[in-house]
Every structure is written in C-alpha cells, then in structure tokens.
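Colleague: I would like to learn how to read a model like this one, feature by feature. Could we take the general idea each time, and then the case at hand?

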Amino acid sequence: LFGAYIIVSQSMVPTINVNDAIVVTRTNYNILDIGDIITFSSTDASYSGLTVTHRIVGKQFLSSGELVYRTKGDNNSNEDKVFKSGQR
C-alpha cells in the first residue's frame with residue numbers, strides 16, 4: 001500500500017530536494033487533479049523506465065476514453081512526455 005523513495009534529481013526543487021525521502025501510496029487515478037504530485041513508472045525513453053515524481057500540469061480524456069496526464073518537474077523547463085493512466 002505504501003512505498004518509500006529517496007529523491008535523486010533536482011527536477012522538483014524547491015518543493016522536493018535531492019536526498020529528501022518521500023512516502024507514496026496507491027490511489028485511484030480518477031481523484032488526481034492538476035497540481036497534485038505523483039510518482040509513476042516512466043515510459044519516456046529519456047527516463048529509461050525510472051520511477052519519476054513530478055507534478056500534474058494537465059489532464060484530458062482522449063476520444064478513446066483514455067485519461068491522459070501531462071506532468072512536469074517544478075524545476076524543469078519542459079513537460080514530460082504524456083503519462084497515460086487508464087480508461088474512464
């Protein structure tokens with residue numbers, strides 16, 4: 001139900017600093033909203049399948065009914081590639 005991680009990058013500074021410990025819990029993706037910080041397994045090739053902790057900056061339902069979140073590190077200039085969460 002819970003996981004713990006040590007932050008290893010500066011992508012969320014000043015909200016979360018390098019070497020900070022975070023505790024995460026699984027949740028229903030339907031309750032997540034813009035501004036929430038989430039931890040997820042990245043499918044982005046630039047992160048090589050790493051676990052990433054970033055803020056939700058956008059969300060939308062595709063025509064297929066799939067919910068898509070856009071995420072970004074607070075200290076990053078660019079958004080991550082799209083993080084897809086599931087069906088309506």
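Colleague: Which residues form a nonpolar patch on the surface?

Modeller: Bear in mind that this is a predicted model. In soluble globular proteins, nonpolar side chains tend to be buried together. Here, however, L1, F2 and V23 form a nonpolar patch on the surface, and together they have about 430 Å² of accessible area. Of these, V23 belongs to strand 2, which covers residues 21-25, and its relative accessible area of 64% makes V23 exposed, because that value is over 50%.

Colleague: And which residues make up the largest nonpolar core?

Modeller: The largest nonpolar core consists of 7 residues, namely L32, I38, F40, V52, I56, L67 and Y69.

Colleague: How should I read a salt bridge, and how many does the structure hold?

Modeller: Side chains of opposite charge can pair when their charged atoms come close. The structure holds 3 salt bridges. In one of them K59 pairs with D33, with 3.8 Å between the closest N and O atoms. Since K59 sits in strand 4 and D33 in the loop between strand 2 and strand 3, this pair ties together parts that are 26 residues apart in sequence. K59 is partly exposed at a relative accessible area of 33%, and D33 is likewise partly exposed, at 40%.

Colleague: Where in the chain do D74 and R55 lie?

Modeller: D74 and R55 meet through their side chains in a salt bridge, with an N to O distance of 2.8 Å. This pair links distant parts of the chain, as D74 is in the loop between strand 5 and strand 6 (83-87) while R55 is in strand 4, 19 residues apart. The relative accessibility is 27% for D74, which counts as partly exposed, and 22% for R55, which also counts as partly exposed.

Colleague: With which residue does R70 form a salt bridge?

Modeller: The partner of R70 is E79, and their closest N and O atoms are 2.9 Å apart. R70 counts as partly exposed at 29% relative accessibility, as does E79 at 38%.

Colleague: Turning to H54, is this residue buried or exposed?

Modeller: H54, whose place is in strand 4 (residues 51-61), counts as buried because its relative accessibility is 2%, which is under the 20% cut-off. The side chain of H54 is joined to that of D80 by a polar contact of 2.7 Å. Leaving out residues up to four places away in sequence, H54 touches a list of residues that includes S11, M12, I38, F40, Y47, G73 and N76.

Colleague: Where is S11 found?

Modeller: S11 lies in the loop between strand 1 (2-6) and strand 2, and S11 is buried, with a relative accessible area of 12%. Beyond its neighbours within four places in sequence, S11 is in contact with T53, H54, G73, D74, N75 and N76.

Colleague: Finally, which residues does G35 touch?

Modeller: Not counting residues up to four places away in sequence, G35 touches R55 and I56. G35 is in the loop between strand 2 and strand 3 (37-41), where it is partly exposed at a relative accessible area of 32%. The C-alpha atoms of G35 and V57 are separated by 6.1 Å, although these two residues are 22 residues apart along the chain.

Methods: Residues numbered from 1 in each chain as written. Predicted model: local features only at pLDDT ≥ 70, side-chain atom pairs only at ≥ 80, totals over all residues. Heavy atoms only, no water. Patch = residues over 30% accessible without salt bridge, like charges linked within 9 Å, V, L, I, M, F, W, Y side chains within 5 Å. Areas by Shrake-Rupley, 256 points an atom, 1.4 Å probe, with all protein chains shown as cover. Salt bridge = Lys/Arg side-chain N within 4 Å of Asp/Glu carboxyl O. Helix = DSSP H or I, 4+ residues; strand = E, 2+ residues; numbered from the N terminus. Buried < 20%, exposed > 50% of the residue type's maximum accessible area, 1.4 Å probe, protein only. Contact = heavy atoms within 4.5 Å. Polar contact = N/O pair within 3.5 Å; in protein donor to acceptor, adjacent residues only side chain to side chain. Core = buried A, V, L, I, M, F, W, Y, C linked by side-chain atoms within 4.5 Å.
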